[in-house]
Amino acid sequence: MLRLFKWLALSVAALIGVAIAVIGVVVVVIDPNDYRDEIAAVAEDELGREVAIEGEIRWSLFPWLGIETGRITIADADGFHEAPFAELERAAVGVRAWPLLQGELHAGRLEIDQPVVRLMRDEAGEASWADLVERFSDGNQTGAPGAQAAGASEEAEAATADAPDTLVPNQLDGMTLEGVKIRDGVFYWQDREAGQAFHVDGIAVHAGTIRVGEPIAVTASAYLNGTERVALETDATISLPGGRPHLAADWTLSPLNPKAVLEALDQELPRTEDPEVLRHFAGTGTIRADAERIKATALNLELDDSRLGGAAIFYPQAGPAIEADLSLDAMDVSRYLPSAETQPVESEGNSGGAGASGEPGLRDLSEIDFDLSLEALRELTFDGRVEIGELRIMDLKLGALEAQLTGDDGELGAEALRAEFYDGQLDAHALLDARGDVPAVDFALGLDGVSFAPLLDGLTGHDWLHGEGVLRFAGSGGGPHAEALLEDLDASGELRVEDATLHWEEQGVGKTLDADAVDVVMEDVRLGNPIAMAASAYLDGTERVAVETDATVTWHEGTPHITADWTLSPLNPRAVLEVLGQELPRTEDPEVLRHLSGTGTIRAEAERIKATALNLELDDSRLGGTAAVDPQAGPAIEADLELDAIDADRYLPPTETKPKGEGDDTGDGGTSSETVLGDLSEIALEFPLEPLRAVTLNGRVGIGELHIRDLRLEALRAELFGGDGEIGVDALRSTLYEGQLEGHAVLDARGEAPAVDFALGLDGVSFAPLLDDLTGHDWLHGKGVFRFAGSGGGPHAEALLEDLDGSGELRVEEGLILGVNLPHEIRKAAAELRREDSPEPPQDGTGFTRLTASFDLADGIARSDDLRLVAPLLEATGEGEADILAEQLDYRITATLDQELDRVGAPLLARLTGASVPMAVTGPFLDPRVELDLAAAIGEERLKELGASREELEATIDAERDELEERARDEAEALEEEAKERLREEAQDWIDDVF
């Protein structure tokens, strides 16, 4: 660049001298327009581009020796703009004749009208000006290739080497240029590779008289994309001591809108937490520059509400070396950071350090490269000081921050870093070592006497912890990226919080939490070594919560690994919830949730969290086993858990007793107000389907004794599985009610509402206690088998039953159906035919030796076509349906009386042996009605037989009554004679004793 400047200065001086010598002759004799093509050809030879001089060239002699041109264009390189690479509408300059005669160069104002420059980078990244740079770069010849011999080049280089070490000749000291005026310039930029384009128009540059060693007033302004104005004013002085340029300039940058400027330049706007930042930038200052150093003093920069002042010196040839003394009044860095909703989420599902997808843990630290030019840093020398009155970053506030910045021999650091930090003091130092193949750091950080209340208020918006504490941390390590640095880091520290108080209030809800005697102690914290930590507090001064742990933290392949043995001291969950202002769960047993404690081991890394040796106690229950979670895989859960016993009913909401008469009454239907299932539409299946769709589950669970919904299960075992939106239980086995339960079930969470597919089998189960616990009615006695398999879905239990499709079977041996006595119903019908009172039933039910049925379930209705009942007095078959949602029966049964009925034991039914009696069983589950038409069923002949049997029975009864009455009379007369005889004997004995 210096050689180019030197070449230009010499060329200008030579051209002006030659112009003065020949201009008088040229003006009179030569018409330059006759040579426009030759002039253009010479320019084309120099530039390698087509040059066109379209306007006239005019000379002037008095009072100036001047030249003026019309329109000039320079074509763009092949493959770029069709329009010219550069063009102007007019250019003019002149020199005074009289000073020339005295050996002085006094040029008039250089005027350029409507200059236009078009730059482009194509899709392949090639620049439209690349060929020009190559032609005029150092070491290349100008003009046509081969125009000069190699020897000439070598001679030129030798001459340059012997020349004095000056940039411009001393003759320029007396040169004067009346000024420079550029009007209505336009600059076009297009980057097809990056898809960016903008233009700058209205470019205006006005420079006053230019004379070496005297101030030059310069103003420049332009409009970006025709909208945003950028303006710079300066008073600059250029001097040439020893032939080397020195620049001194006072400059002023008029206020501009940085965000609008970036938008006009087609640059992506930074998305900031505060959208109103980057709206104002301005400044003033002074620059002193020469070949050895550039010094900026009296700096006064304004960025929005912040002010930066001070001075800085840059020594470009000394390494480089930098000296600085800067002062910033105040700055809220948080306003300039990416907004919370637009920050890129490095790990999905980033929670606990998570992001838009929710995955906890750190981002891939191997991607955080320390892209430092170590070679350049080794050459850098730095010495400076910085002060910041108030700094806010990530909602943390630091005051009176000051630091000494140093750098030499490949080591750069911040020494004596101090700041006021929430009523305490921050002290730190850090050193970056660039001497090795990878950067290394050595640092120490100390926080003393920090007040947690304002710290947490600024950090979280809640001053929930009051008190003071200490945090110290120091370490060293190195690596090419963050992962390698943390693996190499050797660090230690301590944290101590003692006798603090805690207050938490949930905004808008009024819930509060108070804790005192809060102690947290972590000593000798060192990566790879066990860390003993103890934390305890009293909630509302009454409930103590204490956790102790021995944890080891290591770093492996860029992720932290934590192993911790932990102990949770016994606490009262109900009291803790109450202190936390949480609504206490209403439980059937108000004495549950009174005790929780546990121990275990946790091993955690970014990909997996595993809990082993679990031993949790909740009231009277004990849970043990292992569990593992891969949070980044859906999550993926593995578990092997064993629970000794739990009465889940104690933890369910209390059962509301419905007052008498409040049940549903269906009137003519004769339905009882008592129901078995209740209102199923109120049992919502509120599953969080979206999280379940991503879960992968694999595990096993065992429960020694489970009591739920009044059902008692023992030795329960099940395999758990899940994936692709389906969560299930397989190989489910349990002992219940003297029998065995087996089954499997799958919950499908892929649709808008949950759906299930399941199979259930009960073998050898005693139905009476099962139904009594399940429904409160033991209407079926006996042991047997029940099986059902089906599938369906819905947002609540009622919709699920309506949608459920399935089939099943029932087989019961040696049992009793309560509420329905089929033999009695037949006797009652026979009595009605005789117009006599109905007989009293011998028992409230139908005893049987075997009951079987298969059924299909659809639309909430179970239908059976093969009901069969075998009883001591009869055998019955039937078909019908049960509406489960309405709890209504509608069955048609045909009963056939046993051929071997005893005429003495069942004289009425014995006359009906072999007859098929149709019955209709209808009504509610708990109070069904039995209807039959005996007359229509047995016909006229059997009715006569039924009447004859009645007469025979009455005759037999009369005969037996007469016989019994006669026998009673004979026995009474014998007893009377015997009594009289005994009375006479006793009277005689009494008379003998008296006399």
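**View 1. A salt bridge between aspartate 427 and arginine 418 in this predicted model.** Arginine 418 counts as partly exposed at 38% relative accessibility.

**View 2. Salt bridges at aspartate 748 and at arginine 863.** The side chain of aspartate 748 meets that of arginine 750 in a salt bridge, with a distance of 2.8 Å from N to O. Another salt bridge joins the side chains of arginine 863 and aspartate 865, where the N to O distance is 3.4 Å. Within this second pair, arginine 863 counts as partly exposed, since its relative accessibility is 37%, while aspartate 865 is exposed, with a relative accessible area of 52%.

**View 3. A network of salt bridges that includes Arg58 and Arg183.** For the model as a whole, the count comes to 43 salt bridges.

**View 4. A negative surface patch that includes aspartate 962.** The patch is formed by Asp962, Glu965, Glu966, Asp970, Glu971, Glu973 and Glu977. Of these residues, aspartate 962 has its place in helix H16, which covers residues 934-994. Aspartate 962 is partly exposed, because its relative accessible area of 47% lies between 20% and 50%.

**View 5. A nonpolar patch on the surface, formed by Ile602, Ile609 and Val629.** Together these three residues have about 190 Å² of accessible area. Isoleucine 602 is found in strand E33, which runs through residues 596-604, and this isoleucine counts as partly exposed at 32% relative accessibility.

**View 6. The largest nonpolar core, with 38 residues.** Among the members of this core, Leu780, Leu851, Leu869, Leu874 and Met919 touch the most other members. Strand E47, made of residues 888-897, gives the core its largest share, which is four residues. Apart from this core lies another one, of 18 residues, including Leu47, Val51, Phe198 and Val261.

**View 7. Helix H8 and the glycine that follows it.** Helix H8 spans residues 452-460, and its buried residues are Phe452, Ala453, Leu455, Leu456 and Gly458. After the helix comes glycine 461, whose phi is positive, near 85°.

**View 8. Positive phi values at aspartate 619 and alanine 731.** Although aspartate 619 is a residue other than glycine, its phi is positive, near 55°. Aspartate 619 lies in the loop between strand E34 (609-618) and strand E35 (621-630), and it counts as buried because its relative accessibility is 9%, which is under the 20% limit. Alanine 731, which is not a glycine either, has a positive phi of about 50°. The place of alanine 731 is in strand E39, residues 726-736, and with a relative accessible area of 29% this alanine is partly exposed.

Note on methods. Residues numbered from 1 in each chain as written. Predicted model: local features only at pLDDT ≥ 70, side-chain atom pairs only at ≥ 80, totals over all residues. Heavy atoms only, no water. Core = buried A, V, L, I, M, F, W, Y, C linked by side-chain atoms within 4.5 Å. Buried < 20%, exposed > 50% of the residue type's maximum accessible area, 1.4 Å probe, protein only. Helix = DSSP H or I, 4+ residues; strand = E, 2+ residues; numbered from the N terminus. Salt bridge = Lys/Arg side-chain N within 4 Å of Asp/Glu carboxyl O. Patch = residues over 30% accessible without salt bridge, like charges linked within 9 Å, V, L, I, M, F, W, Y side chains within 5 Å. Areas by Shrake-Rupley, 256 points an atom, 1.4 Å probe, with all protein chains shown as cover. Lys, Arg positive; Asp, Glu negative; His and termini not counted. Charge placed at Lys NZ, Arg CZ, Asp CG, Glu CD.
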